[in-house]
Amino acid sequence: MLYYWLIFAGLISVAVCEDITPCSSRATCGACLASHNCAWCSAKVYKKSAPRCDKIDNLQERGCPNENIITPATASEILENEPLSDAGAVTGSAIQLKPQKLKLSLRAGDPAKFKVTFRQAEDYPVDLYYLMDLTFTMKKHKETLAELADTIAESMNNVTKNFRLGFGSFIDKVVMPYVDMVPDRLRNPCRDVYCNSPYGFRNHLSLNDDVTLFTKEVSRANLSGNLDNAEGGFDAIMQVIVCKEKIRWNDRSRKIILFATDGIFHYAGDGKLGGIVKPNDGSCHLDDDGYYTESIYQVCFIYKPYEKKILIAVNLNPF
């Protein structure tokens, strides 16, 4: 007899457990609807002591009218869905992704599925800015870049007919111990040949479609020098990114910064050796000649919000 009583008690226990759902503990409508697969009964007259938050089937069994069962569903609505197009690529208005605008109403825990189509537009505009270390050890690489200008243009033509080139260079912060501050050495930091005075960054050529002018500017750019192995490349990257008007970035172009150096770079904190503790303000500070005028500040990296792709060219055999 005891054996049968144990089985009966177990069946009662299972029945009680099955009547309890995770939804039942949600005491408010907001908490209920924030839970996956839960619904709320808003009826004024409802079964006494029964939970208002439960699965839909349970609420219906307890007599909650369907019109009083609140259960928002995940839904999507296409707001803009223009066809893919190459038209207008010259001005950057080509359509590469559809839909262009989509509104999603998401229920907590519910997945939403929607179809997205992408096709790269022909002749989509590309802005390529070549940022080069012009310390003396880069002499050979600068000459190579000038020789390869036509090759770069030809390679870019295989990607798009609508591209522009720009050119800038960097040395280091003009303060000890990064450069020699003796007046004669500031005028010519190279020992046996003539070099330009050191500078943080200079924009030699803003983005344009004249390949011949690009070659000319690279060829005429003179070398300079500094004392330590690290260079001020991040100062330069900062200015190339934030000086939108002076570099002439196209709002709708694919933006690429090609960073070329044979040395390591300074990063935030290195400036303390030169007494530099004030953070960079993330603003453009180029004068009319394209020189960076605020290189005495620490760099705080500001790459992400500006949507630029930075490619780093590494010299594997610098010596």
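Guide: This is a predicted model. A disulfide joins cysteine 41 to cysteine 64, with the sulfur atoms 2.1 Å apart.

Visitor: What makes the pair of cysteine 41 and cysteine 64 a disulfide?

Guide: The cut-off is a pair of cysteine sulfur atoms within 2.5 Å. The S to S distance here is 2.1 Å, so cysteine 41 and cysteine 64 count as a disulfide. Cysteine 41 is in strand β1 and cysteine 64 in the loop between α3 (56-61) and β3, 23 residues apart, so the link is between distant parts of the chain.

Visitor: Why is the disulfide of cysteine 41 and cysteine 64 called right-handed?

Guide: The torsion about its S-S bond is about 100°, and therefore the disulfide is right-handed.

Visitor: Why is cysteine 41 called buried?

Guide: Buried means under 20% relative accessible area. Cysteine 41 has 0% relative accessibility, so it counts as buried. Cysteine 64 has 3%, so cysteine 64 counts as buried too.

Visitor: What stands opposite cysteine 41 in β3?

Guide: Isoleucine 69 does. Strand β1 (residues 39-41) and β3 run antiparallel and are joined by 2 bridges. Two strands pair if there are at least two bridges between them, so β1 and β3 count as paired.

Visitor: What is the strand order in the open sheet of 3 strands?

Guide: The order is β2-β1-β3, with antiparallel pairing. β2 (53-54) and β3 (69-70) each have a single partner strand, so they stand at the edges and one side of each is left without a neighbour in the sheet.

Visitor: How do you know that cysteine 243 and cysteine 284 form a disulfide?

Guide: Their sulfur atoms are 2.0 Å apart, and the limit is 2.5 Å. The torsion about the S-S bond is about 105°, so this disulfide is right-handed. Cysteine 243 lies in the loop between α8 (233-242) and α9 (244-247), and cysteine 284 in the loop between β11 and β12 (309-314), so the pair ties together parts 41 residues apart in sequence.

Visitor: Why is cysteine 284 called partly exposed?

Guide: Its relative accessible area is 32%. Partly exposed covers values between the 20% limit for buried and the 50% limit for exposed, so the label applies to cysteine 284. Cysteine 243, with 1%, is buried.

Visitor: How do you know that cysteine 29 is in no disulfide?

Guide: The nearest cysteine sulfur, that of cysteine 32, is 6.5 Å away.

Conventions
Residues numbered from 1 in each chain as written. Predicted model: local features only at pLDDT ≥ 70, side-chain atom pairs only at ≥ 80, totals over all residues. Heavy atoms only, no water. Helix = DSSP H or I, 4+ residues; strand = E, 2+ residues; numbered from the N terminus. Buried < 20%, exposed > 50% of the residue type's maximum accessible area, 1.4 Å probe, protein only.
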